[in-house]
Amino acid sequence: MFDTLSDRLAATFKTLRGKTRLSDADIDATAREIRVALLEADVNLAVVRDFVARVRERAKSAELSGALNPSQQIIKIVDEELVGILGGETRTIRFAKNPPTVIMLAGLQGAGKTTLAGKLARWLKGQGHSPLLVAADLQRPNAVNQLQVVGQRAGVQVFAPEPGNGVGDPVDVAKRSIEEANRRLFDVVVVDTAGRLGIDADLMQQAADIRDAVDPDEVLFVVDAMIGQDAVNTANAFAEGVGFDGVVLTKLDGDARGGAALSIARVTGKPIMFASNGEALTEFDVFHPDRMASRILGMGDVLTLIEQAEKTFDAEQSAKAAAKLSSKEGRDFGLADFLQQMQMVRKMGPLSKIFGMLPGMGDFKDQIANIDEREVDRLEAIIHSMTPAERDDPKIIDGSRRARIAKGAGVQVSDVNGLVNRFFEARKMMSSLAGGKMPGMPGIPGMGGGAKKAPAKAAAKKKGHKVSGNPAKRNNPGAAAPAPGSAFEPEQLDEKALQEAMASFQLPANLRDRLK
């Protein structure tokens, strides 16, 4: 959704690289480019004006003039201001002191409230709560049935005493759900209400009546992030008619320009609490303004990636795999272990989404978008076609075995060759990293190994008279050798001094704060 905005901002910041000082003209030109980028992303005009004014003011202040790298400082200012318009701080649900906590969902027709109700209930269950879904949308055809199906997939109970399709009183259903929760000891009640238009007075009144009947602890306004500025207008209308405590953005995986996400928190004064970016029930999480700003600026979202990995990966299995990589140059790490780790990665979501969270991946956006998930399926088929012995020790896979594996997986022998060869290369690299060594860079101080001494035979070969290939030097053999560090001879590093420098190395303060 934010690809266009990210590309425009990246192009703007690229023009500032290498400059040690920024003039007022540079700052004004940067501010204009940021303004155009935000307007093209369909951000609210008032929000754009305020945002650009604050960036320009801070950029011209002493804050920037004392910076060692003004261009990086501008990026830092834009990052902080983006966090501000996205809501500032992360806020989650305020639970009632005396259960049940009542959460009411409301919003436009087609915003995805029913699916979101299941996602929210599943998330609450994962947090240790026992949620109850309430089918109070009795207007839309089959809305009750849909919630029941979603609840079953999420593994939570659904309270649906009325069939819906225009039959039943949603206010009465909402009241009875609280009694049901108290009787069956559910500690959270999620009330799914009918979708409405901002100008639909009857349904707006119905939402107000449900709110008065259940006295919710949180009223969440569910908004489709793809509808742009109309989302902001509807949010204001709903705030006047019913009121809400927080916003939930759905369909963040769409290709719209994303202006609603950058406008709604600042315009309504209500925080964005959750974000949904797909149809799967797992594609739902707490909204973090700082992480979203980091994604927009192409700096990745490592913290979310780590959290997803912690939920997905089995710590014991990962520890065993790491131990295998660390011992005997990784020879104990076989294709079965590789397949197991690859399957865990796939559980985190599409590979394009995972790579997109890594810092610096903005320059490879096209390659990431073109990742073929079916290629991973083919790799899995090849590994599954091997015997257990072949998976544990791929070195025994000779020509006849490769032909058999290819036939069993429905691929070419060249595909099997490619997998085996890439596996050996990857295992060697991962084993080096696990041992604290950088592949292809032996002898780096502090990285698990000193400089390697040249073999005695090689040293002996160096002795003796050599004829230079440089005519000037050949004709004048007594000329002085180039000074170390010159363009003709690289400077020899002092290993002890380099170790001391690395020991005293400190990350920049703003980066240390982000890693806390």
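**View 1. Helices α5 and α12 lie oblique to each other in this predicted model.** The axes of helix α5 (residues 70–85) and helix α12 (residues 289–296) come within 8 Å and cross at roughly 130°, and the two helices are therefore oblique to each other (under 35 degrees counts as roughly parallel, over 145 as roughly antiparallel, 65 to 115 as roughly perpendicular and the rest as oblique). From α5, Asp79, Leu82 and Val83 meet Pro289, Asp290, Ala293, Ser294 and Ile296 of α12, where contact means heavy atoms within 4.5 Å. The residues of this contact divide into five nonpolar, one polar and two charged.

**View 2. Strand β4 is mostly covered.** In β4 (residues 188–192), five of its five residues are buried, that is, under 20% relative accessible area with a 1.4 Å probe and protein chains only. Val188, Val190 and Asp192 point one way from the strand, while Val189 and Val191 point the other way. In a regular strand the side chains alternate between the two faces of the sheet.

**View 3. Strands β1 and β2 each pair with β4 in the parallel sense.** Five bridges join β1 (residues 101–107) to β4, and five bridges also join β2 (residues 131–135) to β4; strands pair if DSSP finds at least two bridges between them. Val189 in β4 stands opposite Val102, and Val189 is also the bridge partner of Leu132.

**Notes.** Residues are numbered from 1 along each chain as its sequence is written. In this predicted model, local features need pLDDT of at least 70 and side-chain atom pairs count only at pLDDT 80 or more, whereas totals for chains, interfaces and linings use all residues, and side-chain values use heavy atoms, with hydrogens and water left out.

Terms used. Buried < 20%, exposed > 50% of the residue type's maximum accessible area, 1.4 Å probe, protein only. Helix = DSSP H or I, 4+ residues; strand = E, 2+ residues; numbered from the N terminus. Axes fitted to C-alpha atoms, helices over the stretch in contact; angles between N-to-C directions. Nonpolar A, V, L, I, M, F, W, Y, C, P; charged D, E, K, R; others polar.
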